[in-house]
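Please read the numbered points below with the sequence and the picture side by side.

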Amino acid sequence: MNENGDSFVHVASVKLLLAVWIALMFGTWLTVSASKVDMGFLNIWVGLAIATAKACLVALYYMHLRWDKPFNAFVFLSAFFFLFLLIGITMMDSGLYQPVLIPGYSPGVGGGP
């Protein structure tokens, strides 16, 4: 405690942490199941959405950001914003030069491998 009597210590209950763990295990199962379904160009976005949801659970409950100062949440969300910005730029860039990576390869045309 500091001189004002404020305390930032938070102890999460075992019940809550177990529920979050079960949600993370379900997310892992969902990730594996989604990887076996061909959704075309949506595969990457579904995988990223599941991973983002799991990362948020870990950050909020295991890293205790839910009970922390708002500035730490701002830093966390800013990092996610820049992550998605850089992934988006990378995906747009790779779409421009992808046809020339493998000469003669056209996805969706012909029999394929």
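1. Residues are numbered from 1 along each chain as its sequence is written, and side-chain values use heavy atoms, with hydrogens and water left out.

2. The protein chain has three helices and zero strands, and its pattern along the sequence reads α-α-α. Helices (H or I, at least four residues) and strands (E, at least two) are DSSP runs, numbered from the N terminus.

3. Confidence is given as pLDDT, the predictor's own score for each residue from 0 to 100. The protein chain has a mean pLDDT of 81, with 73% of its residues at 70 or more. Confidence is highest in helix 1 (residues 14–35), at 94, and lowest in helix 3 (residues 70–97), at a mean of 83. Where pLDDT is low, the predicted coordinates should not be read in detail.

4. Of the 113 residues in the protein chain, 11% count as buried, where buried means under 20% relative accessible area, exposed means over 50%, and partly exposed lies in between (1.4 Å probe, protein chains only). The protein chain exposes about 9,000 Å², and carbon and sulfur atoms supply 72% of that area; accessible areas come from the Shrake-Rupley method with a 1.4 Å probe, and for residues only the protein chains shown count as cover.

5. Contact here means heavy atoms within 4.5 Å. Among the contacts in the protein chain with a separation of 6 or more, 59% are between residues 24 or more positions apart.

6. Helix 1 and helix 2 (residues 42–62) pack at an angle of about 165°, and their axes are 10 Å apart. That makes helix 1 roughly antiparallel to helix 2, since angles over 145 degrees count as roughly antiparallel, under 35 as roughly parallel, 65 to 115 as roughly perpendicular and the rest as oblique. The axes are lines fitted to C-alpha atoms, for helices over the stretch in contact, and the angles run from 0 to 180 degrees between N-to-C directions. Where helix 1 and helix 2 meet, the residues of helix 1 include Leu16, Val20, Trp21 and Leu24, and those of helix 2 include Val46, Ile50, Leu57 and Tyr61.

7. Threonine 52 lies in helix 2 and counts as buried, at 18% relative accessibility. Leaving aside neighbours within four places in sequence, threonine 52 is in contact with Phe80 and Phe84.

8. Alanine 55, also in helix 2, is partly exposed, with a relative accessible area of 31%. Not counting residues up to four places away in sequence, alanine 55 touches Phe76 and Phe80. Alanine 55 and leucine 24 are 31 residues apart in sequence, and their C-alpha atoms are 9.1 Å apart in space.

9. Alanine 49 is another residue found in helix 2, and at 47% relative accessibility it counts as partly exposed.

10. Histidine 64 is found in the loop between helix 2 and helix 3. Histidine 64 has a positive phi of about 60°, although it is not a glycine, and it is partly exposed, with a relative accessible area of 30%.

How values were computed: This is a predicted model: local features need pLDDT of at least 70, side-chain atom pairs count only at pLDDT 80 or more; totals for chains, interfaces and linings use all residues.
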